[in-house]
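Take a moment to look over the sequence and the 3D model.

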Amino acid sequence: MASEPQQHSDPQQALELQPQGVRVVIAPDSFKGTATATEVAEEIAAGWHEVRPGDELVLLPMADGGEGTVEAFAAAVPAAVRHTVQVSGPDDELVDTDWLLLPDGTAVVELASASGITLLDPLRPHDAHTHGFGEVIAHALDAGAERVLVGLGGSSSTDGGAGMLSALGARLLTHDGAPIASGARGLDTLDTLDLRDVRALPPRGVAILSDVTNPLRGLSGAAAVFGPQKGATVPDIAVLDAALGRLVEAARSSAARGELGALDASAVDRLAEEPGSGAAGGTGFGLLLWGATMAAGSVAVGEAIGLPAATASADVVITGEGRYDAQSAAGKVPSYVVNLAPDGAQNLLVAGMIADDPSGLFDDAVSLVELAGSVEAALAGPLEYARRAGAELARRHSAAG
């Protein structure tokens, strides 16, 4: 019987061991909506071990601020305290979501599990909202968090963070002084955005974990780039972009009246153009209005789980995500992980679907769709095909070696 694969979640412990064969670091992102990063890593490892049982396998599931961010930090920081709270989902149905309190007083919150796209069926491009995400942040503040890391990604809405701000005490009102409706639809009637009663930032601030660099509006903005993923048609995209424009205009007017604290109208315009303001349907912009700052999601998670140290002596580095496309090379998990690999290491990719040529970054790549023969088959059995992908890459590595 083959021995069990050597799997280490502690990179320091792994570095102290003498590897048999080669040292393989497996650090994928989640395959959003189909498999967690931990599940994908375990199946790739199992497939690789079937072909090369003597190799040392180091599993470090990754995240970039989206789905799986809380789990990545939980695995990396065993002393973290998990809190489960019930909040309003993106369609107003109650959902349970988790956040973490790290030993240093930092809270880790992710949008995907409170206001994410996987919580909706059918999708609601005009009406989905981020109120529940704001409720989770409020819970963390109530628990005494001194700093908050907010993971953006996997969002269902294009409300510019309006729901989140409302949950934190902001007043978003129509011309008649009534609260606006939820979602992007409500932004059409927005007249006043008053942040004077919004919750104060924690002592060490709020950092936005996101690898999205899109601005709020325009051809590369939240509606145009991410709207279709959330069910928006071509005509819908124009409506959603205009709604975000209304949010900016209301913020500018409110700033002129002193309702946005120290922000003036020119500052509002700058924030709307800042890289990442379009993240999560414009929730990045809402957080920036509150006073949060941008941080690279993959870098923050990678440092927390010890990925740079783990990859320093790797012979093979395997990463992946659900869909590899042109955005993947612009700071998402695969590009971050591959850039950590030492010279001479084999850089390998496992993706649900490969929509852009990965050869510029990777020595070899396998997609689940390629192995399964169709998108439908891959979606029906992602873990089975992730295991097959690990085995296929191991066979190719053996042949090349």
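## A buried glutamate and its partner

In this predicted model, Glu-259 is buried, with a relative accessible area of 10%. The side chain of Glu-259 meets that of Arg-257 in a salt bridge, with 3.1 Å from N to O. Arg-257 itself is partly exposed, at 43% relative accessible area.

Salt bridges can also share partners: Asp-364, Glu-370, Glu-392, Arg-395 and Arg-396 are joined into one network in this way.

How many salt bridges does a search of the whole structure find? The count is 22. Side chains of opposite charge can pair when their charged atoms come close.

One of these pairs is Asp-55 with Arg-52, where the closest N and O atoms are 2.5 Å apart. Are these two buried or exposed? Asp-55 has a relative accessibility of 2%, so Asp-55 counts as buried. Arg-52 is buried as well, because its relative accessible area of 18% is under 20%.

## A link between a helix and a strand

Another salt bridge joins Glu-71 and Arg-82, with 2.9 Å between the closest N and O atoms. Glu-71 belongs to helix H3 (residues 69-76) and Arg-82 to strand E4 (residues 81-88), so this pair ties together parts that are 11 residues apart in sequence. Glu-71 is partly exposed at 44% relative accessibility, and Arg-82 is partly exposed at 37%.

## What covers helix H3

Which residues of H3 are buried? They are Thr-69, Val-70, Ala-72, Phe-73 and Ala-74. The elements that cover them include E4, strand E5 (94-101), strand E6 (106-110), strand E7 (147-151), strand E10 (206-210) and helix H12 (297-305).

H3 lies across E4, E5, E6, E7 and E10, and runs at about 145 degrees to E6. Helix H5 (residues 131-142) lies across E4, E5, E6 and E7, at about 140 degrees to E4.

## The sheet itself

Now for the strands. Six of them form an open sheet with mixed pairing, in the order E4-E5-E6-E7-E10-E11. E4 and strand E11 (293-296) are the edge strands, as each pairs on one side only. On average, neighbouring strands of this sheet are turned by 30 degrees against each other, direction ignored.

For a place to look, find Val-87: its bridge partner in E5 is Val-95.

Methods:
Residues numbered from 1 in each chain as written. Predicted model: local features only at pLDDT ≥ 70, side-chain atom pairs only at ≥ 80, totals over all residues. Heavy atoms only, no water. Salt bridge = Lys/Arg side-chain N within 4 Å of Asp/Glu carboxyl O. Buried < 20%, exposed > 50% of the residue type's maximum accessible area, 1.4 Å probe, protein only. Helix = DSSP H or I, 4+ residues; strand = E, 2+ residues; numbered from the N terminus. Contact = heavy atoms within 4.5 Å. Pairing = 2+ DSSP bridges. Axes fitted to C-alpha atoms, helices over the stretch in contact; angles between N-to-C directions.
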